[in-house]
Amino acid sequence: VIPGWFSEISPMWPGEAHSLKVEKILFQGKSEYQNIMIFQSATYGKVLVLDGVIQVTERDECAYQEMIAHLPLCSIPNPKKVLVIGGGDGGVLREVARHSSVEQIDICEIDGMVVEVSKQFFPDLAVGYEDPRVNLHVGDGVAFLKAVPEGTYDAVIVDSSDPIGPAQELFEKPFFESVAKALRPGGVVCTQAESIWLHMHIIEDIVSNCRQIFKGSVNYAWTTVPTYPSGVIGFMLCSTGGPAVDFRNPVNPIEDKDNEKAPLKFYNKEIHSAAFCLPSFAKKVIDSK
Ligand SMILES: NCCCCCc1nc2ccccc2[nH]1
C-alpha cells in the first residue's frame with residue numbers, strides 16, 4: 001500500500017489496480033450491506049468506494065450516469081414510467097429527470113446509508129432526489145420487482161455495483177425475468193454490464209440469458225469511464241416483444257430545452273450510436289449467443 005494513495009484491488013480484476021491520490025478521507029462507515037468510504041482525491045474530485053470498489057467520482061460520473069440513462073430513454077418515443085434499481089447516489093435520477101415526457105420515477109436502492117452519504121457529500125448527484133416525480137424505496141430490488149404489476153414500466157435502469165456483494169442477484173436469470181414482466185410491450189431495460197476487457201464470461205452469460213428472456217432486441221453498448229477497471233464499462237440494452245426498438249438510432253433525442261439546468265457533459269446522439277460498435281473479440285461472443 002502506498003501512503004496517500006487508494007488502490008482498487010479486487011479478485012474481479014486480478015493482477016491490476018487503478019490508483020487515485022488521496023488528499024483526505026471524508027467518511028468511513030459500515031452499513032447493513034457493505035463498507036462505505038468517501039475520500040477527496042487529488043484530481044478526480046470526491047470518490048465513493050463500496051467494499052473497496054470505486055463506484056463514483058465527481059470528475060467522470062457524467063459518462064456513466066448520462067449513458068446508462070439516455071441510451072434506453074432516447075431509444076423509445078415517449079417514456080412515462082421509469083424504474084431505477086440501485087443508483088443510490090442519485091446521479092441516474094438527475095439524468096432521467098431531464099426527459100420531460102417522464103411522469104413517474106421509482107427508485108429501489110437496498111442501502112439507505114448510500115443515499116444518506118450521497119446527499120451529504122455528492123450534492124450534484126443527489127440533486128436527483130429533489131425532483132417531485134421521484135419515489136424512493138429503500139429495499140431489495142429483487143423483492144421490489146416481484147411485487148410490481150405486469151407491464152408497469154416503460155423503462156427499467158439497473159444501476160448496480162458489481163456481482164460480488166449486494167448486487168449479485170441483479171446479474172442472475174430470475175431477476176431479468178422479473179424485469180421483463182414489469183415492462184410493457186416495447187419497454188426497455190438498461191443494466192450495468194461490466195467490462196469487455198475483464199468480464200467477457202459474465203457478459204456471455206448475461207447476453208445468453210437476455211436473448212432467452214427479451215423477445216425484442218438485445219444489444220451490448222459500452223463507454224469510457226477512466227476510474228472504472230480497464231477504463232471502460234458496458235450496458236445491456238434489451239427490449240420486450242411488441243413495438244420494435246432500434247437502440248442504434250435514438251428516436252427520442254434529448255432536446256436543448258431539457259438541458260437548460262445543466263448541459264449534458266458526455267452524451268450526444270453520435271456517442272449514442274457509436275456505443276454499440278464493438279471490437280471483434282467482443283462482437284464474436286455477443287453476436288453468437
Ligand atoms: N466496477 C464498476 C462499478 C460500477 C458501479 C456503478 C454504480 N455505482 C453505484 C453506487 C451507488 C449506487 C449505485 C451504483 N452503481
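Strand β5 (residues 53-57) supplies three residues to the shell around the ligand, the largest share; strands here are DSSP runs of E with at least two residues, helices are runs of H or I with at least four, and both are numbered from the N terminus. The model is a predicted one, so to speak of local features takes a pLDDT of at least 70 and side-chain atom pairs count only at pLDDT 80 or more, while totals for chains, interfaces and linings use all residues. Residues are numbered from 1 along each chain as its sequence is written, and side-chain values use heavy atoms, with hydrogens and water left out.

Around the ligand there are 17 residues, and Gln55, Gly87, Gly88, Asp159 and Asp162 come nearest (near: a heavy atom within 4 Å). By class, the shell holds eight nonpolar, five polar and four charged residues, with Gly counted as polar and Asp as charged.

For Asp159 the distance is 2.5 Å. For Gln55 it comes to 2.8 Å, and a polar side-chain atom of Asp162 also lies 2.8 Å from a ligand nitrogen. The protein covers 97% of the 400 Å² of accessible area that the ligand has on its own (Shrake-Rupley, 1.4 Å probe).

As for the fold, the chain has nine helices and 12 strands. Its C-alpha trace spans about 55 × 45 × 35 Å along the principal axes.

Definitions and conventions
A polar contact is a pair of N or O atoms within 3.5 Å; within protein, one must be able to donate a hydrogen and the other to accept it, and residues adjacent in sequence count only if both atoms are side-chain atoms.
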